[in-house]
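Keep the sequence and the model open while you read.

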Amino acid sequence: MATKPNFVFVDVPERPKANSITVKRQRLIEGLTKQAAEVKRFEQGHWTPRNWFWADDSGKFYLEVRYAKKPLVISEGKSAILCQSLDDVAAKIEQLKAIVKVGGLDPQIEAASGAIRSRFKKSK
């Protein structure tokens, strides 16, 4: 005979709904985490057109945060962050992840999300 586990069963009236901005933040953090992995792959010589970062002829890197495949405007019409090196790109990605976690880019995320939703309006 198997022993009974010590479970405590409770009655839950309703499961809490997911907060919309929390889901959007998590989606952006997942994208930034993927880009951090792409930085490591780029250091090893791999490149993909889906990278959010690129280098110019002078060797400086630019990091463009993207939400739903579109650039996320962070500061007054500017969407790219200037980085001095590939290590700086990785550091900026980690800083951005921390900013997103505390809600620092919520207005920008909501604006981008609203623009996406507006493309799906029903036609008359």
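A nonpolar core is a set of buried Ala, Val, Leu, Ile, Met, Phe, Trp, Tyr and Cys residues joined through side-chain atoms within 4.5 Å. Buried means under 20% relative accessible area, exposed means over 50%, and partly exposed lies in between, with a 1.4 Å probe and protein chains only. The model is predicted: local features need pLDDT of at least 70, side-chain atom pairs count only at pLDDT 80 or more, and totals for chains, interfaces and linings use all residues. Residues are numbered from 1 along each chain as its sequence is written, and side-chain values use heavy atoms, with hydrogens and water left out.

**The core**

- The largest nonpolar core has 23 residues, and L28, L63, L72 and V89 touch the most other members.
- Two or more residues each come from α1, β2 (61-64), α2 and α3. Helices here are DSSP runs of H or I with at least four residues, strands are runs of E with at least two, and both are numbered from the N terminus.
- Helix α1 gives the largest share of this core, six residues.
- Which residues does L72 contact, leaving aside neighbours within four places in sequence? They are L28, V65, R66, Y67, K78, S79, L105, Q108, I109 and A112. Contact means heavy atoms within 4.5 Å.

**Helix α1 against α2**

- The axes of α1 and helix α2 (residues 86-101) come within 10 Å and cross at roughly 170 degrees. Axes are lines fitted to C-alpha atoms, for helices over the stretch in contact, and angles run from 0 to 180 degrees between N-to-C directions.
- The two helices α1 and α2 are therefore roughly antiparallel to each other. Angles under 35 degrees count as roughly parallel, over 145 as roughly antiparallel, 65 to 115 as roughly perpendicular and the rest as oblique.
- The crossing of α1 and α2 is left-handed. That term applies if the near helix is turned anticlockwise from the far one by less than a right angle; clockwise is right-handed.
- On the α1 side, the contact uses R25, L28, I29, L32, T33, Q35, A36, V39, F42 and E43. On the α2 side, it uses L86, D87, V89, A90, I93, E94, L96, K97, V100 and K101.
- By class, the residues of this contact of α1 with α2 are twelve nonpolar, two polar and six charged. Ala, Val, Leu, Ile, Met, Phe, Trp, Tyr, Cys and Pro count as nonpolar, Asp, Glu, Lys and Arg as charged, and the others, Gly among them, as polar.

- I29 is in helix α1 and counts as buried, at 9% relative accessibility.
- I29 touches K97, V100 and K101, not counting residues up to four places away in sequence.
- E43 is partly exposed, with a relative accessible area of 47%.
- E43 touches L86 and D87, not counting residues up to four places away in sequence. E43 and L86 are 43 residues apart in sequence and 7.9 Å apart, C-alpha to C-alpha.

**Helix α1 against α3**

- The axes of α1 (residues 20-43) and helix α3 (residues 106-118) come within 11 Å and cross at roughly 95 degrees.
- That makes α1 roughly perpendicular to α3.
- I21, K24, R25 and L28 of α1 make the contact with D106, I109, E110, S113 and R117 of α3.
- This contact of α1 with α3 has three nonpolar, one polar and five charged residues.
- K24 touches Y67, I109, E110, S113 and R117, not counting residues up to four places away in sequence.

**The loop between β3 and β4**

- A68 is found in the loop between β3 (66-67) and β4 (70-71). Phi of A68 is near 55 degrees, a positive value in a residue other than glycine.
- A68 counts as partly exposed, at 44% relative accessibility.
- K69 lies in the loop between β3 and β4 and has a positive phi of about 65 degrees.
- K69 is exposed, with a relative accessible area of 74%.
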